[in-house]
Amino acid sequence: METLIYNEIIDTKDNIGLATRHIMDMLSEYQIDESILERIKKVVFEAEKNIKLYAQSGEIKVILEDNILKARFKDKGPGIENIGMAFVDGYTTADEEIKQKGYGLGRGFGIIQENVDSLNIASELDSGTTMDITINLK
């Protein structure tokens, strides 16, 4: 059975972490191991941060289905020119403004990849990026 946990249109760069907190609050109602919740928190925060720092708008959707968390993070940003490079530690396209806020260290996609069971990223320049992830809950 599929249960929609969270679905939000993101159209602001403010309040990085707010969607993550809402999702974690909603997941607290389920009996999910703390170590798995920590993985989910890392993934959602990094994906939310990417939408809010690099795109004009986006959407976050989280579903629970048969002991699997599925999430889609979709943005209307500049797209990723080289997805492979985005996974290289330290690689960043962050501008100085983002770096001055303490972000843009080039670890986001690596952190996501380390904490999911499956990951699919599709990106089109000048259109945006869609990232689908799954995390097994058992």
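In this predicted model, E46 is found in helix α2, which spans residues 34-54. The relative accessibility of E46 is 9%, so the residue counts as buried. Beyond its neighbours within four places in sequence, E46 is in contact with G108, I111 and I112. E46 also forms a salt bridge with K49. The closest N and O atoms of this pair are 3.0 Å apart. Both residues lie in helix α2, three residues apart, which is about one turn of the helix. K49 is buried as well, because its relative accessible area of 12% falls under 20%.

The strands come next. Strands of a sheet pair through backbone hydrogen bonds, either parallel or antiparallel.

The pairing can be followed strand by strand. β1 and β2 (residues 58-65) pair in the antiparallel sense over eight bridges. I10 stands opposite G58 in β2. β3 and β5 pair over seven bridges, in the antiparallel sense. K70 stands opposite T134 in β5.

β4 and β5 also pair in the antiparallel sense, over seven bridges. N120 has D132 in β5 as its bridge partner. The hairpin of β4 and β5 has three residues between the strands. In this hairpin, D126 takes a positive phi near 65°.

Side chains of opposite charge can pair when their charged atoms come close. A search of the whole structure finds eight salt bridges. One of the salt bridges is between D132 and R72, with the closest N and O atoms 2.6 Å apart. D132 lies in strand β5 and R72 in strand β3, so the pair ties together parts that are 60 residues apart in sequence. D132 is partly exposed, with a relative accessible area of 23%. R72 counts as partly exposed at 40% relative accessibility. Elsewhere, salt bridges that share partners join D89, R107 and E114 into one network.

The loop between α3 (83-86) and α4 (96-100) holds D95. Y91 has its place in the loop between α3 and α4. D95 counts as partly exposed at 41% relative accessibility. Y91 counts as partly exposed at 31%. Together with M85 and V88, Y91 makes a nonpolar surface patch of about 220 Å². D95 and A19 are 76 residues apart along the chain. Their C-alpha atoms are separated by 23 Å.

Conventions
Residues are numbered from 1 along each chain as its sequence is written. This is a predicted model: local features need pLDDT of at least 70, side-chain atom pairs count only at pLDDT 80 or more; totals for chains, interfaces and linings use all residues. Side-chain values use heavy atoms; hydrogens and water are left out. Helices (H or I, at least four residues) and strands (E, at least two) are DSSP runs, numbered from the N terminus. Buried means under 20% relative accessible area, exposed over 50%, partly exposed in between (1.4 Å probe, protein chains only). Patches are made of residues with over 30% relative accessible area and no salt bridge: like charges are joined within 9 Å, nonpolar side chains (Val, Leu, Ile, Met, Phe, Trp, Tyr) within 5 Å. Accessible areas come from the Shrake-Rupley method with a 1.4 Å probe; for residues, only the protein chains shown count as cover. A salt bridge is a side-chain nitrogen of Lys or Arg within 4 Å of a carboxyl oxygen of Asp or Glu. Two strands pair if DSSP finds at least two bridges between them. Contact means heavy atoms within 4.5 Å.
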